[in-house]
Amino acid sequence: MANRTVKDANSIHGTNPQYLVEKIIRTRIYESKYWKEECFGLTAELVVDKAMELKYIGGVYGGNIKPAPFLCLTLKMLQIQPEKDIIVEFIKNEDFKYVRLLGALYMRLTGTSVDCYKYLEPLYNDYRKVKMQNRNGEFELMHVDEFIDELLHAERVCDVILPRLQKRQVLEEAELLDARISALEEDLDEVESSEEEDEDEEKPERVVTPEPHRRGYRDNDRPRRSPSPRYRRSRSPRRRSRSPKRRSPSPRRDRDRERERHRSKSPRRHRSRSRERRHRSKSPGHHRSHRHRSHSKSPESRSKRSHKKSRRD
């Protein structure tokens, strides 16, 4: 009888509120010492006193699956089903952080998607430290905003499966929720405005100078580049007249250049020519032709000889 849900309790998510906790864990809670001694006969008003005595949060721990007091009080609230105003006061309580977390878990299990975002998101600004008991019975350090983030995004918290939560974007498009305004946006705006003011102060004031002086300053700074042949401008006739006239190369210079070219040829070619000359000088035909050329008599010499012979006669 003591473990039954209140008669006038409403069904949550189409089922008995106590069934939101798994059966194995629920039976372990019913058999625990804390449930039998501290949670027996509690009402909505007395649950507040028990929540103020909490020292840590947690689900089940140890090999025997022992439930933590935080989980036992959660099941007790599902059993008696307090009014929504009481749960809202739990969440808004700033003096006792574990009371706030107990109300946040109950709101996440029983509330609608709009109520979860509406009442739990402001708790992101609470950075207080809390103790959490893990599955091995050891304590870990945690923060309130971390626990709220797990409630809104995780599937299981304190060994309790959380109901499905509709996405915030869908609710915003349906105009059921306003766009979330982060508490850090004001600080970020102040930081950006201060940075802009510092940059404006650091910038030196520009002195306005006449246009021709500014052009000369730019030309001195820039590296001078030779214009590309494609976009080279044609010179004006005045510039052509000013440029000195180039002298036409003389024929004497052309001859000297040709001689230098002939001299600068490879030594192999000169050697081959000298060898050819020696070979020709050794050949008999060459001597004959040479002698024949040297002793060849001209018609003038013949006429002189014939004239001498006629005188002798």
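View 1. Leucine 184 lies in helix α10 (residues 184-202); helices are DSSP runs of H or I with at least four residues, strands are E runs of at least two, and both are numbered from the N terminus. The model is predicted: local features need pLDDT of at least 70, side-chain atom pairs count only at pLDDT 80 or more, and totals for chains, interfaces and linings use all residues. Residues are numbered from 1 along each chain as its sequence is written, and side-chain values use heavy atoms, without hydrogens and water. Tyr127, Leu184 and Leu188 make a nonpolar surface patch of about 330 Å².

**View 2. The buried residues of helix α3.** In α3 (residues 44-52), Ala44, Val47, Lys50 and Ala51 are buried (under 20% relative accessible area, 1.4 Å probe, protein chains only). They are on the same side of α3 because they cover an arc of only 100 degrees around the axis, taken from the directions from the helix axis to the C-beta atoms. These buried residues pack against α2 (33-38), α4 (69-80), α5 (84-92) and α6 (97-110).

View 3. Glutamine 18 is in the segment before α1 (23-31) and is buried at 3% relative accessibility. Its side chain makes a polar contact (N or O atoms within 3.5 Å, one able to donate a hydrogen and the other to accept it) with the side chain of tyrosine 30, at 2.4 Å. Residues touched by glutamine 18 (heavy atoms within 4.5 Å) include Asn3, Arg26 and Leu75.

**View 4. The loop between β6 and β7.** Cysteine 158 is in the loop between β6 (156-157) and β7 (160-161), with phi near 55 degrees. Aspartate 159 is in the loop between β6 and β7, with phi near 60 degrees. Cysteine 158 is buried at 7% relative accessible area, and aspartate 159 is buried at 16%.

Technical notes
Buried < 20%, exposed > 50% of the residue type's maximum accessible area, 1.4 Å probe, protein only. Patch = residues over 30% accessible without salt bridge, like charges linked within 9 Å, V, L, I, M, F, W, Y side chains within 5 Å. Areas by Shrake-Rupley, 256 points an atom, 1.4 Å probe, with all protein chains shown as cover. Salt bridge = Lys/Arg side-chain N within 4 Å of Asp/Glu carboxyl O. Lists of a residue's contacts leave out its neighbours within four places in sequence.
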